[in-house]
Amino acid sequence: MATLLIRNARLLVTMDAQRREIAGGGVFARDNVIESVGPSAELPAHADVIIDARDQVVFPGLVNTHHHMYQSLTRVVRPAQDCELFRWLRTLYPIWARLTPEMARISTQTAMAELLLSGCTTSSDHLYLFPNGVRLDDTLEAAQDVGMRFHAARGAMSVGESAGGLPPDSVVEDEAAILKDSQRVIERWHDPRRLAMQRIVVAPCSPFSVSRELMRDAALLAREHGVSLHTHLAENDFDIDYTREKFNCTPAEYAEQLGWVGPDVWHAHCVKLDASGIALFARTGTGVAHCPGSNMRLASGIAPIRAMRDSGVPVSIAVDGCASNDSGHMLGELRLALLLQRVGAGMARGPAHGPGAMTARDALEMATLGGARVLGRDDIGALGVGMAADIVSVGLNQIGLAGAGHDPLAALLFCHVPRVTHSVV
């Protein structure tokens, strides 16, 4: 049985129920599962692999709940640099239509390497284009090679421009074929067991690229097979206008009508989610993937994350696609979430607004426990007995963290962390 010992951490951040932060702490794991957490002197003295985490902060692997990994091949394309969401998509769709299976594999591995080097050990990926023989399997096989914990979302677009949708007809699929392939990848790849490395998510792309019927049938398929549901929702003003014009309702009402609320559902962005939508999501346990970098890059707005959290909405953090961020640095995304929420709340009044709207520990909680909850997992997001040994450390002896010893945990978000020291999955 293989064992791992991480010891002597400057600070061990558990994110457990007591939110323990242990100076000189450590973790002992056997066969990829944590057996003990606590002061290093109380842990076993020997293991097959020993990491001395002296002068390092050790914390649970971060969970990224929304990505488009294929976009790592199309960062900062000049015509799309200064566009809002719809113009940005229309500019890039023709380029993405040239995606091949090899490109899908390489882009997945590139994105995963970037995530792992920035503290992320579990990621979802939303692939919704399948031209030129591309299959979701290409990304799943790439993930196996890398060794990252992976929730592969089988996306889809079925309503092209000729039918009033946003994407060109060349990148949409037949809806019966979408459902058939979604069932195929669930049966081939989905692992419902605890500590699973790979799971499948059913994920029609957005209200402006699929029909109501596909959204409804996708929800039925997912629940028949016990898998999660994911899509984009309420991302910007044009998104809201499209839903009102086409479906005569708000995005939250649209989701509720089609069965897209509940603890097995999470929506990306939700920048424009209104008060009634927030109440609906809180009441039903519907999750949100907050993508601050992408929301700023595309000028979509500032999501009301403080209001969501105060209401009880499950909120996680995500980097979104590499062509709308254009970074996949997970710790960097936490920093943006921390700072942007303070800006968004800065003009309101009360102790929970302005600088108090988001703390470093709030952001870390969203990216660990929040991400685990949104993905429907109880085995990641914290360092505790019986949890997956998904563990990250950051060395404090680097110039970007000089002078930050007062609060090593907060330093991970307030300061600049170019890459982590260790990332264990």
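Helices (H or I, at least four residues) and strands (E, at least two) are DSSP runs, numbered from the N terminus. The structure described here is a predicted model, in which local features need pLDDT of at least 70, side-chain atom pairs count only at pLDDT 80 or more, and totals for chains, interfaces and linings use all residues. Residues are numbered from 1 along each chain as its sequence is written, and side-chain values use heavy atoms, with hydrogens and water left out.

We may begin with the backbone. Asn325 and Asp326 are joined by a cis peptide bond, with omega at about 0 degrees. Asp326 belongs to the loop that runs between β15 (315-317) and α11 (330-345). Positive phi values turn up in loops as well. Asn32, a residue other than glycine, has phi near 75 degrees, and its place is the loop between β4 (25-30) and β5 (33-39). With a relative accessible area of 60%, Asn32 is exposed (over 50%; buried means under 20%, and partly exposed lies in between, with a 1.4 Å probe and protein chains only). Cys270 is not a glycine either, yet its phi is positive at about 55 degrees. The loop between β13 (265-269) and α8 (275-284) holds Cys270, which is buried at 0% relative accessibility.

Helix packing comes next. Helix α2 (residues 101-116) packs against α3 at an angle of about 40 degrees, and their axes are 8 Å apart; axes are lines fitted to C-alpha atoms, for helices over the stretch in contact, and angles run from 0 to 180 degrees between N-to-C directions. The pair is therefore oblique, the class left over once angles under 35 degrees count as roughly parallel, over 145 as roughly antiparallel and 65 to 115 as roughly perpendicular. On the α2 side, the contact (heavy atoms within 4.5 Å) includes Pro101, Ala104 and Met112, and on the α3 side Ala142, Ala143 and Val146 are among the partners. The residues of this contact divide into 7 nonpolar, 3 polar and 3 charged, where Ala, Val, Leu, Ile, Met, Phe, Trp, Tyr, Cys and Pro count as nonpolar, Asp, Glu, Lys and Arg as charged, and the others, Gly among them, as polar.

Neighbours within four places in sequence aside, Met112 is in contact with Met69, Ala143, Val146, Met148 and Phe150. The C-alpha atom of Met112 is also separated by 8.6 Å from that of Gly328, 216 residues apart along the chain.

Helix α3 (residues 136-146) also packs with helix α4 (residues 175-189), at an angle of about 25 degrees and with the axes 11 Å apart. These two helices are therefore roughly parallel to each other, and their crossing is right-handed. From α3 come Leu136, Asp137, Leu140, Glu141 and Gln144, and from α4 Arg184, Val185, Arg188 and Trp189. Here the division is 4 nonpolar, 1 polar and 4 charged.

Finally, the cysteines: with a disulfide taken as a pair of cysteine sulfur atoms within 2.5 Å, the count comes to 0. The closest cysteine sulfur to that of Cys120 is in Cys322, 12 Å away, which is too far for a bond. Cys120 is buried at 0% relative accessibility, and Cys322 is buried with a relative accessible area of 0%.

Terms used. A crossing is left-handed if the near helix is turned anticlockwise from the far one by less than a right angle, and right-handed if clockwise.
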